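Please keep the sequence and the structure in view while reading.

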Amino acid sequence: MPRQPRLDVPGALHHIMVRGNNKATIFSDDQDRSKFLQRLGENITEAKCSVYAWVLMGNHVHILFKSGTKGLSAVMRKLLTWYAVYYNRRHNRTGHLFENRYKSILCEEDRYLLALIRYIHLNPLRAGMVKTLEELDHYMWSGHGAVMGKQECSWMDTDYVLLQFNNTKRKARHAYRTFVGEGIPLGRSAELTGGGLIRSKGGWSNVVSARRRGQREEYDERILGSGDFVNEIFREAEKKQIRQMKIRRSGKIIDNIIKEECERNRVSLKELQGGSRRKAVSAMRAQIARRSLDELGLSMAEIARHVGVNTSSITRTIAKLEKREDDSYAP
């Protein structure tokens with residue numbers, strides 16, 4: 001069965017899970033972890049997102065954040081591409097570092113925000129990397145320590161997390177820590193790592209019970225939330241899809257975009273598709289990719305085939321374009 005397209009609704013709460021290829025290690029030491037966090041913080045700030053929880057494990061990462069106006073991919077594409085290049089160069093390796101497709105679950109904030117924060121921050125304790133809640137308070141590679149005020153993490157919205165518990169920081173931290181501690185006996189919560197009806201309902205028995213009462217809800221494997229929430233997300237995603245469909249129905253294809261950009265930039269099709277690294281050509285490829293993504297909803301791989309480079313090259317050129325745009329708007 002083909003994979004469904006990623007739901008990238010700006011302003012929504014996303015639970016991101018990134019795993020090493022074939023479960024391989026993605027952090028060899030503290031320098032790798034520091035570099036990853038530094039880049040994550042930069043991208044979060046540039047994209048105007050809000051991070052509420054995160055943890056770095058040996059071969060995977062969890063991040064809980066609300067995306068900005070540019071959506072989910074503005075952060076994750078740049079972060080993972082940059083880090084894979086950095087890691088491979090530093091450790092003299094080749095090939096894919098991450099699984100081909102990171103997992104993203106769009107979550108209903110009112111119902112799942114606190115449960116997800118607790119689940120993510122308890123990962124080191126469940127894995128035996130720390131033995132007690134006291135050790136977790138000082139663990140460097142989890143957002144829990146930042147919420148507790150034990151480490152600096154300027155790009156994480158710890159204030160918003162604490163406000164869920166109390167208006168006073170001292171009382172909020174106490175209540176938050178108590179809440180986290182109460183989650184230790186619960187163990188792993190499968191429903192918090194995926195979407196779908198069973199997970200949203202908290203188990204198959206709850207689904208059966210609801211159906212016996214004649215209750216049926218919309219659901220989707222990419223969404224963790226109630227039927228009403230799923231419908232709301234579908235409506236938002238549909239607006240974008242309808243816009244792209246109208247453009248495609250008008251007869252516009254990527255060849256049209258390529259022709260327009262080649263004429264505007266006075267670049268020949270032969271040079272574009274011949275792999276030229278000239279600065280003007282690279283910038284034009286990025287613009288073609290951006291328009292093809294926004295206007296037609298094409299994949300990076302499909303775009304790459306039309307402009308004469310590989311998929312990772314297209315990802316990097318778009319990342320550079322977005323960074324230049326962010327810098328130009330910076331105060």
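## Overall make-up

The chain contains 16 helices and five strands, and the description that follows rests on a predicted model. Of the 331 residues in the chain, 47% are buried, and the chain exposes about 17,600 Å², of which carbon and sulfur atoms supply 48%.

In soluble globular proteins, nonpolar side chains tend to be buried together. In this model the largest nonpolar core has 61 residues, and the residues with the most contacts inside that core are L64, F65 and M76. Helix α2, which spans residues 73-90, contributes eight residues, the largest share of this core.

Which residues does M76 touch, not counting residues up to four places away in sequence? With that exclusion, M76 is in contact with I16, V18, F65 and Y102, and F65 is itself among the residues with the most contacts inside the core. Apart from this core lies another one, made up of 18 residues, including L272, M300, A304 and I314.

## Strands β2 and β3

Strand β2, formed by residues 50-56, is mostly covered, since six of its seven residues are buried. The strand is joined to β3, residues 60-66, by six bridges, and the two strands run antiparallel.

S292 belongs to helix α14, which covers residues 279-296. Is S292 buried or exposed? Its relative accessible area is 0%, and because buried means under 20% relative accessible area, S292 counts as buried.

The side chain of S292 reaches the backbone oxygen of I288 at a distance of 2.8 Å, which lies within the 3.5 Å cut-off for a polar contact. Not counting residues up to four places away in sequence, S292 touches I254, I257, G297, L298 and I303. Taken together, this serine is a buried residue whose side chain reaches a backbone oxygen and which also touches residues including I254 and I303.

Terms used. Residues numbered from 1 in each chain as written. Predicted model: local features only at pLDDT ≥ 70, side-chain atom pairs only at ≥ 80, totals over all residues. Heavy atoms only, no water. Helix = DSSP H or I, 4+ residues; strand = E, 2+ residues; numbered from the N terminus. Buried < 20%, exposed > 50% of the residue type's maximum accessible area, 1.4 Å probe, protein only. Areas by Shrake-Rupley, 256 points an atom, 1.4 Å probe, with all protein chains shown as cover. Core = buried A, V, L, I, M, F, W, Y, C linked by side-chain atoms within 4.5 Å. Contact = heavy atoms within 4.5 Å. Pairing = 2+ DSSP bridges. Polar contact = N/O pair within 3.5 Å; in protein donor to acceptor, adjacent residues only side chain to side chain.
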